[in-house]
Every structure is written in C-alpha cells, then in structure tokens.
Amino acid sequence: SIDGMEDALLVLILTASDTAWLEAKDHTEEHAEAANEAATAYSIAYADYWDYVINFYEFENFDDTTLKRRFELQAKPGTTVLSQDKQQQLNSDISKMNSFSFNKVCPYNKPDCNLEKQGMTMVQLELELATNRNEELLSYYWEQYRDTAGAPTKQYFVDYVKLMNEAATSEYNGFKDAGEMWLQPYVVPSQNYMADAFKSDVEELWQNIKGLYGKLFGYVRYRIRNGGTYHYLFAEKSPMPAHILGNMWAQSWENIYDLVTPYPDVYLLNITEVLQENIDNVTTMFKYAEDFFVSTGLYKLTDDYWNKSMFVQPEGKQAVCHASAWDFLSTKKPQTDGDYRVKMCTEKTQSDFITLHHEMGHTQYQMAYSLVPEKRKTQSLIFRDGANPGFHEAIGDTIALSVSTPDHLLGVCNAMTQDKCPFGSELKEEDDEEEIERQRNINQLMKTALDKIAFIPYAYILDKFRWDVFAGKVHVDEYNYHWWELRVQVQGLKPPVLREKDSDFDPGCKYHVANNVPYIRYFVSYILQFQFHEKLCSVMDDVEDTNTTIFLCDIYNSTAAGAHLKSLLTRGNSASWTDQLGDFLYDNGTVGYMDSQAILDYFKPLEEFLDQQIKEHNIQLEWDDDVEKYFVIHIPATVPIIVGIVLAVMIAIVVIAYFVGKSRQKKKKKESQEQGQGADNSGLEMGEK
C-alpha cells in the first residue's frame, strides 16, 4: 500500500537526512561519501516501491480525492529511474561540484600565500564583495572565486546534464528534458496548467516588472557614475560591472545603498551595531524571530531546534554556510516535540537578522503541515511540503517585509537597549516633519528595491540558463558565453575582466547550480510574498495604531493575520497551489495565480520618485548589450604564420623600394648639378620631406 511505502521510505529518508546534515556541518570526503551512499540507497528503494505501488494502480479512476492526489504527485519517478550505477554517478557529480566551494584563495595583498594557513574561504570572499570598496581588490576576489569554485565544476556539470536528461526523457517520465521535469511542482493538470503555461506566466511577469527594474538600474548607474567611488569604471550607456554592486553574484544591490541613497541626510535605521553591542550569542537573534511568529499565533520552536541546530560556523570544520532549514519528519507530536533545525553561519548583522526570519519561516511551514488540520494526525509524507517550492520561499520573506520596516526595527532596537535606541528619529524644530517622513519612506523603499527588484531578473535568468542547457540550445563550449549573454542583455551587468567561452564556467560557483537546486522558486516567491503581504495587512484589524501603508505594514502581534496565514500553511501540498492561493487571497473558490500588481503597488512611491529623477537629470535607461566584447578572442594557430609571411613580403617590398628610390635620387641630383649651381630647388626638397 502507499502507506506502507511511505513508512518504509521514511526510515531511508531519515538516514539520508542524518548523513547529509553531518556532511553539511563537517565536510570531509568520508562524510560526503556516506551522504552519497545514503541518497543512492533511498533512490533505489524509491524506484522499487514506485514500480510496485504507484505504477501498479490505475489511480486516475480513484474516487478518494486525497488518495488520488497522493498518487498523482508521484506519477513520475524523476531521477530514481536511473540505474544504481548512474544514480551513484549523479550524486557523485553533484557532490564534487559542491566540494569546490570549500577551496581557498590567497588574499589580495598576498597572492603567493600558503593556502592552508593564509587562504581565504569562499564565505570570506563573499564578505569582501559585500563590504569592501577597493575596485581592484573586488575584481581580484570576483575572478578568484570563479576560477576556484566555478570553472572546475564544468566537467561534472556536463556529465550531470546528460544524466538528468536521461532520467527526464526515460519511458516512465516522458519529459522533453530535465528542465520540463523541474517544473512539475508548478503544473496543475486538472486546470490544464502545464509547464509551458507556467513558463509563459514567468515571462509575462518579468515583462511587467522589467520597466521598474530598468528605472532602478538607470538611477543606480547614474548615481554610481556621478559619485566618487566608481565613477571612472564605465560609460553612460555601459552595463554596470558586476563586482561593485555589493554581492558576489550581483543578485542583490542592498549593500551599496549608501552610494545611491536618495536622501543621504535622512537616516534609515540599521541595527547591526546594536546587535553587536547588546547580545552575547546569536541565538538571541533567533529568539526575537521566534517571538515574532508566536506573537501572531504561530508556533513556539521545539527543544530539538535549539539543541541540534547549527547557528554559527563550527570551529575547525568546513561547513556549508549557505543558510537552510531542515525537517527531520518527526511523526510523534511533530508540532511540539518535532526535530526541526536550521543551518546558518550567523553574524550579528541586520542582514542576517532578517535572513534568519526567512529561514524560520520555512520551519514554521514545516511545523504547520506536519499534522492534518483538525484531525490532529500526522500528515501523509508526500503532503509534508509546500504547495510549490516558491510558496516555501515566500513565507519567510513575507514575514521579513514586516521585520524590515523602520518601526519594527526600532522596536527591536529599543527592546535590546531598554528603550535607549541610539538611532531615534528626533526632528529639529525647523524640520518639516511630513517631508522628512516622505524622504525616509523613499529611502526605505530604495533599500528594499535594491534587494527585491534587483534580484528578480537574476532569479529569472539562472534557471532560464539551465532550461536552455537541458534543452540542448547551448553548445557545451559556449555555456559561459550564454550565461553572460543573459546577464548582459537582461540584467545590464558585465564581468570586470575578460571571460573565456569554454574554460570558464561562472554559473558553476553558485550554490544552487552546484547542488542541483532549481532557482525559479525564488522568482515565484518574490511575486507571491507581496501578494501574501498585501492580503495579511488587509485582515489585521486586531492591532491598534498600526500603519496601514503597505510598505510600512507590520503584522507583528496580529493574531488575525497569523490565523489567516496558518490556514494556508497547514495545508502543505495537500491541494494544488492555484487552489490554495485562490482560497488565501479571495475566500470564494476562485483559482489564484501569480500577479505582479501587488509588487508594483508596493513600490509605486519609489517609481514616482525614479520617474522624477530620470526626467530631472536626463538619466539614460538603455545599455549596450553586445556581449562579444567581454570575451577573450582566440587567434587560430595558422593566423600568426600567415601574418608573418605577409609582413616579410611587405618588408622586402619596402627595402627594395628604398634602394630604388636612393638610386633615382642620385641620378636626379647629378642632372641638377650639371644644369647649374645654386638653382632654386625648394619644391624638390619639400617633396622629399
């Protein structure tokens, strides 16, 4: 039965999770091998159970809709269709790609360092890109990161693509390629909403947001070019160099907020200094995040969360610092005693304070769908997941939209300092309070846009790149060229140094590429979170004196908002995401789809500001999208030989011409002397010169 299948597979899932957790906290070859073996064992077992259970029944005719959905979600076996040897090879390829992220590079001022003793980790390089303003240093680390963690992954990526496509196009899956297989969580067959329809929606959403991105891009480029830090780097209509935007991948520009602040004299609260001066342990930051969720009626975290999580990087060990939330699928009292964990190398910064709310959002979702609503029994294993991957990412970010509001951060600051927050908003007597507030709002929206709007095209192209690769639209020798083709043409960003089309593989240094994680979920989440936020703010009528302006709305302490959110979270993957979204947004049975209007409404005041700036300063919004100029041009081996022969012939002609000319000159000089001394010959002399 399908229940027996889930019970048997759960044991293997937990073994795979335990070994993967150990490998993530302490990366060694031994731990990586154990994790690969456990993952392969699960895949092989799943393939057997799939054949005996899922493939055996004609579930299309089931009357029980819940049972039918459990089968439908597993109708395709995915990569488990591969043979045992190929399963092991696929897991090995992914593990090897990920292993390069643990490499080290020499510091900028010590290029010949002892890597073991003085080498910098990839995490340290990311911090340099986020905080340093030395352009040459940034360019050095940008290139080193890609040479060390990107280029070496390519050989494994090529093999990985072949195996993924082999699985996707197998008889039991029947997909065109692995890209189509990746999109199955978004497909709703009952509504005839298939992969092509989803991709069409993504394209339409991007086109709707593209105009706002272009205005933000033009403004940022203008401010940087007219500032004192990087003004010499690029022309008025040039793409922006990717290494100066405060992020290793230039996927978020929030770290250069100080370079482009609309109103520099109007301070925007940042609690980094408060965190560093007022808390001893980063777990305090997680306690504040827990308080936010509990204040809305959501869940108090379990003992295992506090006892088993990795909150900081372990000393003396190589850990995967990419933040993630883990669900160990407890079946006994999962909402009070379940095993949930977070893995994060947390720093005492405002950025990490907001990030950990995102990660805790995953955990709250996992806790919510662990039990069947009302029946209080453990949820089916296949339903213990988000309605689609984008839902899972959107939940925490929805909360982060509240957490990042100035009033909420001020409240956190005051709580940590006993109402003595050093960054209050005191006004001078002559200040126009209303104007100052307007300027602060624009600053706040700008900072948020540098994170959210700047990210959307990156989230759009990372999987667009991989879809094209899986579809065979890009030759293996031009993977890196196609990557920069998308980055230049869609994002308006260029590499700081010339790239190679073949030997470089810049997307390979991205965690999600190396670890086989589809990325379109983040694009989806950046649309959904604004739809979620708008809805939650509309139902929070239980909090007095709350600011209803959408970009200042904070659902902290609103149990009404929390209850409405919980009604979504508890359903997990038990119903289609379109039905769940419709129920959440409309409450009338209407099917829900992604809509860009909420995000555009959120940033409307900022867009009006950008329009005014563009008009006032004649800011250019276009950029040169010729990608060829950013790649090394290789001259064929035969060309130097041909050029050498041509040069030799030209030199010979010049030499011969020289001696012929000298001979003629002597002859003319002799004739002139014979005609008479002292004759005016200025014309001849001028001609000779």
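How many residues does helix H1 have, and how far does it reach from its first C-alpha to its last?

## A helix to start with

Before answering, keep in mind that this is a predicted model. Helix H1 runs over residues 2-25, so it has 24 residues, and its end-to-end reach between C-alpha atoms is 33 Å, close to the 34 Å expected at 1.5 Å a residue. Along the way, H1 bends by about 25° at leucine 10.

Leucine 10 is also one of the buried residues of H1, a list that includes Ile2, Met5, Leu9, Ile13 and Trp21.

## The annotated binding site

Now let's visit a pair of residues picked out by a record. UniProt, in an unreviewed entry, lists Tyr186 and Arg521 under "binding site". The two are spread over 336 residues of sequence, yet they cluster in space, with a largest C-alpha distance of 9.6 Å.

Tyrosine 186 sits in the loop between helix H9 (178-182) and helix H10 (195-225). Is tyrosine 186 buried or exposed? Tyrosine 186 counts as buried because its relative accessibility is 3%, under the 20% cut-off. Setting aside residues up to four places away in sequence, tyrosine 186 touches Tyr193, Phe198, Asn388, Pro389, Gly390, Ile520, Arg521, Val524 and Trp577.

Arginine 521 belongs to helix H23, residues 520-539. Beyond residues up to four places away in sequence, arginine 521 touches Tyr186, Pro389, Gly390 and Glu393.

## The annotated active site

The unreviewed UniProt entry also carries the annotation "active site", which covers Glu359 and His512. Glutamate 359 is part of helix H16, residues 350-368, and it is buried because its relative accessibility is 6%. Apart from neighbours within four places in sequence, glutamate 359 is in contact with Ala323, Ser324, Ala325 and Val342.

Histidine 512 has its place in helix H22, residues 511-514. With a relative accessible area of 3%, histidine 512 is buried as well. Which residues does histidine 512 touch, not counting residues up to four places away in sequence? They are His322, Arg466, Val517, Tyr519 and Tyr522.

## The nonpolar core

Next comes the largest nonpolar core, which has 180 residues. Within this core, Tyr160, Leu216, Val220, Ile224, Trp253, Phe523 and Phe603 touch the most other members. Helix H10 gives the most to the core, with 13 residues.

Not counting residues up to four places away in sequence, isoleucine 224 touches Tyr230, His231, Phe234, Met240, Ile244, Leu245, Ile256 and Val260.

## A buried lysine

A last stop is lysine 535, in helix H23. Why does lysine 535 count as buried? Its relative accessible area is 16%, and buried means under 20%. Leaving out residues up to four places away in sequence, lysine 535 touches His564, Phe584, Leu585 and Asp587.

Terms used: Residues numbered from 1 in each chain as written. Predicted model: local features only at pLDDT ≥ 70, side-chain atom pairs only at ≥ 80, totals over all residues. Heavy atoms only, no water. UniProt positions renumbered as here; feature names shortened; annotations may be inferred. Helix = DSSP H or I, 4+ residues; strand = E, 2+ residues; numbered from the N terminus. Buried < 20%, exposed > 50% of the residue type's maximum accessible area, 1.4 Å probe, protein only. Contact = heavy atoms within 4.5 Å. Bend = angle between axes of the 7 residues up to and from the residue. Core = buried A, V, L, I, M, F, W, Y, C linked by side-chain atoms within 4.5 Å.
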